[in-house]
Amino acid sequence: MRILLVDDEEELVSALAERLSFRNIEADWTTRPEEALRLSGEREYDLAVLDVKMPRMSGLDLQRRLQKQHPGLKFIFLTGHGSHQDFKDASQEAWAYLVKPVPLEEIIDRIHSALASGGSGQREGKGANHDQ
Amino acid sequence: MTSEKEPRFFGRVVASLSHELKNALAVLNENAGLAGDLIEMAEELGRPLNTERLTAVVKRLKANVKTTDEIAGSLNRFGHVVDVLEGPVDLDEVVLLALRLYRRHADRLGAKLEPSLEPVSLRGPGTRLEWLMAMFAVLDGLLGRPEKYRRVDVALDPRTPAIWFQPSDAVGSADVAGAARSVESLLAEDLPAWGPKVVSTGLAVGLTWSIPDHPKQ
């Protein structure tokens, strides 16, 4: 299993990748959406975990571009407390929409359930911990 | 100013700061988890504790506690802007607060806000809330432009008097006169009773409360 992590908070995304690696989940990370597109063009990923709000390119825009490159790619969105509209939009496009801070066990559970689901990257009636 | 604008502005600023707090908490959460993982691996697997790695994580945690405290401080200062609802307003203080509160939005647009405040004490009419809203309107006007400015220098000018916003490093061709029109249009929606005016020099857009005799060149 190989995961792509994209969040503009380097100290978050690098620590998350390291913790996932301790649990035998290989994760590449980047703080820049453009770099995520480059990585995705070079390597095969099973799932991408994307921050919803990033400078210059939103997580939703990045998700659409990654999906074009890899139609089978699954997605999980992370947010630091987005608006209700963000929740609606992101929930339609991803397996899960998680509000930071998220316990690592929850992220891992969502990764496993998304990858076990087969089919599209969109969730099937479960998955959001939206706390508005 | 209409009564609807003020709660909307409060909502915008509080949502932005709470988003920053959530991100800072997420960094703390992940790095505290990482420190725990390193200790647990040493205990359970009998590996020597990587003290160098752990020290780096602890340093990161301390830095992020400071970041979180700074965000909470900004939230607190913003909450207190309505404590005094009569002027005059210390503009040097308000400018710094406005730039701090706008920072996350500017970051998302790929722009830097640079205060270049000389040690001057400049006071203006109205309330701190009105000035914050006016400054947000100016920044929205400048950073919403199609030319996509990546830097805005902000300075107080006691001679005019005015707050000057100098946009630069545009992705497209700079059009400060057009930016001034955008600002004027946005500001008209939030115009306080004392009527700040937008002036332009071709290089900078100024927010003033009287027509300047000698606009900045």
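In which sense do strand E3 (residues 47–51) of chain A and E4(A) pair, and over how many bridges? The two strands are parallel and share 5 bridges. This is a predicted model, in which local features need pLDDT of at least 70 and side-chain atom pairs count only at pLDDT 80 or more, whereas totals for chains, interfaces and linings use all residues. Residues are numbered from 1 along each chain as its sequence is written, and chains are lettered from A and ligands numbered from 1 in the order in which they are written.

View 1. Chain A holds 5 helices and 5 strands (DSSP runs, numbered from the N terminus: helices are H or I with at least four residues, strands are E with at least two). From the N terminus on, these elements follow the order β-α-β-α-β-α-β-α-β-α. In E4 (residues 74–79) of chain A, 6 of 6 residues are buried (a residue is buried if 20 or more other C-beta atoms lie within 10 Å of its own, exposed if 12 or fewer, and partly exposed in between, with C-beta atoms placed from the backbone). One face of E4(A) presents A:Lys74, A:Ile76 and A:Leu78, the other A:Phe75, A:Phe77 and A:Thr79, and all are buried. Opposite A:Phe77 of E4(A) stands A:Leu50. Over the 132 residues of chain A, 48% count as buried.

**View 2. The contact between chain A and chain B.** Chain A contributes 16 residues and chain B 19 residues (two residues are in contact if their C-beta atoms, placed from the backbone, lie within 7 Å). On the side of chain A that touches chain B, helix H1 (residues 10–22) of chain A gives the most, with 7 residues. That side of chain A comprises 7 nonpolar, 2 polar and 7 charged residues (Ala, Val, Leu, Ile, Met, Phe, Trp, Tyr, Cys and Pro count as nonpolar, Asp, Glu, Lys and Arg as charged, and the others, Gly among them, as polar).

**View 3. The two domains of chain B.** The domain assignment, which is automatic or from a database, gives domain 1 (5–81) and domain 2 (86–208) of chain B. Their centres, taken over C-alpha atoms, are 31 Å apart. Contacts link 11 residues of domain 1 of chain B with 10 residues of domain 2 of chain B. Helix H1 (5–45) and helix H2 (51–79) of chain B each supply at least two residues of the domain 1 side. H1(B) gives the most to this side, with 7 residues.

**View 4. The open sheet of chain B.** Its 5 strands have the order E2-E4-E5-E7-E6, with mixed pairing (two strands pair if DSSP finds at least two bridges between them). Strand E2 (112–115) and strand E6 (197–200) of chain B stand at the edges with a single partner strand each, so one side of each has no neighbour in the sheet. Strand E5 (residues 162–170) and strand E7 (residues 205–208) of chain B run antiparallel and are joined by 4 bridges. Within E7(B), B:Gly206 is the bridge partner of B:Trp164.

**View 5. Helix H4 of chain B.** Helix H4 (residues 128–143) of chain B has 16 residues and reaches 22 Å from its first C-alpha to its last, close to the expected 22 Å (1.5 Å times one less than its number of residues). Of the 16 residues of H4(B), 15 are buried, so the helix is largely enclosed by the rest of the structure.
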